[in-house]
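Biologist: I am new to this structure and would like a short tour. Could you begin with whatever I need in order to follow the helix packing?

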Amino acid sequence: MSAIDGLPPLREVIATHELSAKKSLGQNFLLDLNLTAKIARQAGDLAGMDVLEIGPGPGGLTRGLLAEGARRVLAIEKDARCLPALAEIAAAYPGRLEVIEGDALQVDPLQHLTPPIAICANLPYNVGTELLVRWLTPESWPPFWQTLTLMFQREVAERIVAQPGSKAYGRLAVLSQWRADARIVLSLPPGAFTPPPKVSSAVVHLRALPEPRFPAEQKVLERVVAAAFNQRRKMLRAALKGLAPDIEDRLQAAGIAPTDRAEQVSLEQFCALARTLA
């Protein structure tokens, strides 16, 4: 890709700007531009799309998104050391890359984006789950984004797509699958990164549904799921007793046995229970 966009290889960029990855920022850089382009392609057809990227670092995925035809990329980067490298990419793609220095948990990207919008990012490990939950739980639905294409630790990715009955099934699976279609589209070994993390990684693609898969009030569902999985070893009648004095009756009305544990309950049943508590 360096031949396509006329920019130097990422190893050269990192050496020029002295960009050693910082553990405190959850950084692990992907240096293979063929791989970053492959991740960008997992986001689908980006022509006519604005793309939000969190934690671009030296800009490997950023270059992939632009080369794959994204209309515009808004990159939010907390590490000021990366800004000169990103400025070089912006110069190579005039008018198509905007970089904001800041914390993705604090910046409102909607002021800088025009629909349709996709989110594609190699998320810093220390904020990835929190950002995903925020994007899945806005007050109104459908959300501002159409798709999420996100890299996580493999363990987190498996929790997003997990089914009832598995150890990975929990809050992330319920919230993700309630409002989106979620699937793992790419796996990456530790050696793909610099420095190599201690765990494997995976890219998850989520496509927003026009409306939630089953009716439920979001805040009620979140409260039910949080209580259920915070004490996942307990029977639900015990784990959820603080939600209502007649919780056993409500569980049975939702088709759930009071002696079931959280990992045995389907998304549809959780939504039914939330409706009894609304």
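Modeller: Each axis is a line fitted to C-alpha atoms, for helices over the stretch in contact, and angles run from 0 to 180 degrees between N-to-C directions. Please keep in mind that this is a predicted model.

Biologist: Understood. At what angle do the axes of H6 and H8 cross?

Modeller: The axes of helix H6 (residues 128–136) and H8 cross at roughly 35° and come within 10 Å. The crossing of H6 with H8 is left-handed.

Biologist: Which residues of H6 and H8 meet there?

Modeller: From H6, Thr129, Leu132, Val133 and Leu136 take part, and they meet Arg171, Leu172, Leu175, Ser176 and Arg179 of H8. By class, this contact of H6 with H8 comprises five nonpolar, two polar and two charged residues.

Biologist: And how far apart are the axes of H8 and H9?

Modeller: The axes of helix H8 (residues 171–179) and helix H9 (residues 218–230) lie 9 Å apart, and the two helices pack at an angle of about 155°. Angles over 145 degrees count as roughly antiparallel, and H8 and H9 are therefore roughly antiparallel to each other. Their crossing is right-handed.

Biologist: Which residues make that contact between H8 and H9?

Modeller: H8 contributes Arg171, Val174, Leu175, Trp178 and Arg179, while H9 contributes Gln218, Leu221, Glu222, Val225 and Phe229. Sorted by class, the contact of H8 with H9 has six nonpolar, one polar and three charged residues.

Biologist: Changing topic: how much space lies in the largest pocket?

Modeller: The largest pocket holds about 420 Å³ of space. It is lined by 31 residues, of which Gln27, Ile54, Gly55, Asn122 and Pro124 are the closest to its centre.

Biologist: Which strands and helices each supply at least two residues of that lining?

Modeller: They are strand E1 (29–30), helix H3 (33–42), strand E2 (50–54), helix H4 (60–67) and strand E3 (72–77). The lining of the largest pocket divides into 15 nonpolar, eleven polar and five charged residues.

Biologist: What about cavities, then? How many of 30 Å³ or more does the structure hold?

Modeller: The structure holds one cavity of 30 Å³ or more. About 40 Å³ of space lies in the largest cavity.

Biologist: Which residues line the largest cavity?

Modeller: Its lining is formed by Leu7, Pro8, Val13, Pro58, Arg63, Ala85, Glu88 and Ile89. Helix H5 (residues 83–92) gives the most to this lining, with three residues.

Biologist: And how does the lining of the largest cavity divide by class?

Modeller: That lining has six nonpolar and two charged residues, and no polar ones.

Note on methods:
Residues are numbered from 1 along each chain as its sequence is written. This is a predicted model: local features need pLDDT of at least 70, side-chain atom pairs count only at pLDDT 80 or more; totals for chains, interfaces and linings use all residues. Side-chain values use heavy atoms; hydrogens and water are left out. Helices (H or I, at least four residues) and strands (E, at least two) are DSSP runs, numbered from the N terminus. Angles under 35 degrees count as roughly parallel, over 145 as roughly antiparallel, 65 to 115 as roughly perpendicular and the rest as oblique. A crossing is left-handed if the near helix is turned anticlockwise from the far one by less than a right angle, and right-handed if clockwise. Contact means heavy atoms within 4.5 Å. Ala, Val, Leu, Ile, Met, Phe, Trp, Tyr, Cys and Pro count as nonpolar, Asp, Glu, Lys and Arg as charged, and the others, Gly among them, as polar. On a 1 Å grid over the protein atoms alone, a cavity is a set of points where a 1.4 Å probe fits but cannot get out, and a pocket is an open set with protein on both sides within 12 Å along at least five of seven lines; lining residues have an atom within 4 Å of a point. Grid points are joined across faces, edges and corners, and a volume is the space filled by probe spheres set on the points.
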